[in-house]
Amino acid sequence: MPSETERTLAIRHALVAWFLREGKDYPWRRTTDPWAILVSEIMLQQTTIPTVLGRYEAWLRQYPTPAHLAAASEEEALRSWEGLGYYRRVRSLQATAKAIAERHGGIFPQSPDDLRQLPGIGDYTSGAVLSFAYNIAAPIVDANVSRVQARLDNDPTPIDSTEGRKRHWKRAAELLDPDNPRAYNSAIMELGQTYCTPTSPDCLLCPCREHCLAENPASLPVKTPRPETLEETHHDILCLTGRGILMELQTNGRHLGMYRLPRRTADETRGMRKLGTQKYGVTRYKITRLLYQAPPDTEPRATETFVSLDALPSIPMASPDRKIILKHLPQGN
């Protein structure tokens, strides 16, 4: 029976060997530029790999350095992020870019302490940049890492509890290969994306199967119960006149600084012609949008304004808004 130290070394070596042999080729793995790596990490938060692959390289051509994003307006930054969702991420990324420009002369800091002092840089992001860009031995823990570690150690501690988070960061540091942290961190994340998936883990092909203690892998990791899904119904209006399309500038919330279709109450839309229904999800909300044709003499409210159709492509808005607007614009616009 191997000791725990021997088992830890065996897991580490198995993961690195597997990744060096079979690791996937992504554009962010072909660079050691810390800015490009930071951008990939921010994009990959709460967004699927295929979606990021479709946007990553083009976005970096637009903002190839922190200085480029720091110099952009917030409206330009928000517009560039459209379709990736969770817009607070690009605001945070722009704040990071401005801090790098102001505090470090535009040079990405390498010191862990300097990195952690940048806005929006926490334990995970710091570890990702340090290991992937500089090959510095810094652990990372995300959902994939926690799932793999919980199964490897047959650990029933809820991964989203305070105790669980502490245990997984400690375990990640123990397992990390100090000689090749870049490959190790890539490997354990990729294992969680491929064989050690949330449902139906493929244990037969897992490179760590000989070292895994999980008795029932599909039952791990344990999580605290998720909050219930909330349903909302929005009554929005489409008002097109010679002045353009009526839009509302959002002044708070996750879409601060972005435009959306004006919202009205159910009573206010009564009698208007219904144009269609749109359903989409945002975090734990299921949204049903009912769209109505507003009369051309509709007057803008405090945060509403008419936007010319020529300017429409350049203003920031969430993807569901743009999709439903384009669907109902007259042909030729």
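Helices and strands here are DSSP runs numbered from the N terminus, with H or I of at least four residues for helices and E of at least two for strands. T283 is not a glycine, yet its phi is positive, about 45°.

Some ground rules. This is a predicted model, where local features need pLDDT of at least 70 and side-chain atom pairs count only at pLDDT 80 or more, while totals for chains, interfaces and linings use all residues. Residues are numbered from 1 along each chain as its sequence is written, and side-chain values use heavy atoms, with hydrogens and water left out.

Next, another loop, the one between α12 (181-193) and β1 (230-238). S200 lies in that loop. Its phi is near 50°, again positive in a residue other than glycine. Is S200 buried or exposed? S200 counts as exposed, because its relative accessibility is 64%. The cut-offs: buried is under 20% relative accessible area, exposed is over 50%, and partly exposed is in between, with a 1.4 Å probe and protein chains only.

P221 is in the loop between α12 and β1 too. The peptide bond joining L220 and P221 is cis, with omega about 0°.

Now the whole chain. The protein has 14 helices and 8 strands. Its C-alpha atoms fill a box of roughly 80 × 50 × 35 Å along the principal axes. There are 333 residues, and 48% of them count as buried. Take contacts (heavy atoms within 4.5 Å). Among those between residues at least 6 apart in sequence, 68% join residues at least 24 apart.

On to the interior. Nonpolar side chains tend to be buried together in soluble globular proteins. A nonpolar core here is a set of buried Ala, Val, Leu, Ile, Met, Phe, Trp, Tyr and Cys residues joined through side-chain atoms within 4.5 Å. The largest one has 64 residues, and L15, W35, W59, W81 and L93 touch the most other members. Which helix gives the most to this core? That is α2, residues 34-44, with 7 residues.

Look at W81. Leaving out residues up to four places away in sequence, W81 touches I42, M43, R55, W59, Y86, Y87, R89, V90 and L93. There is also a second, separate core of 13 residues, including L261, I315, I324 and L329.
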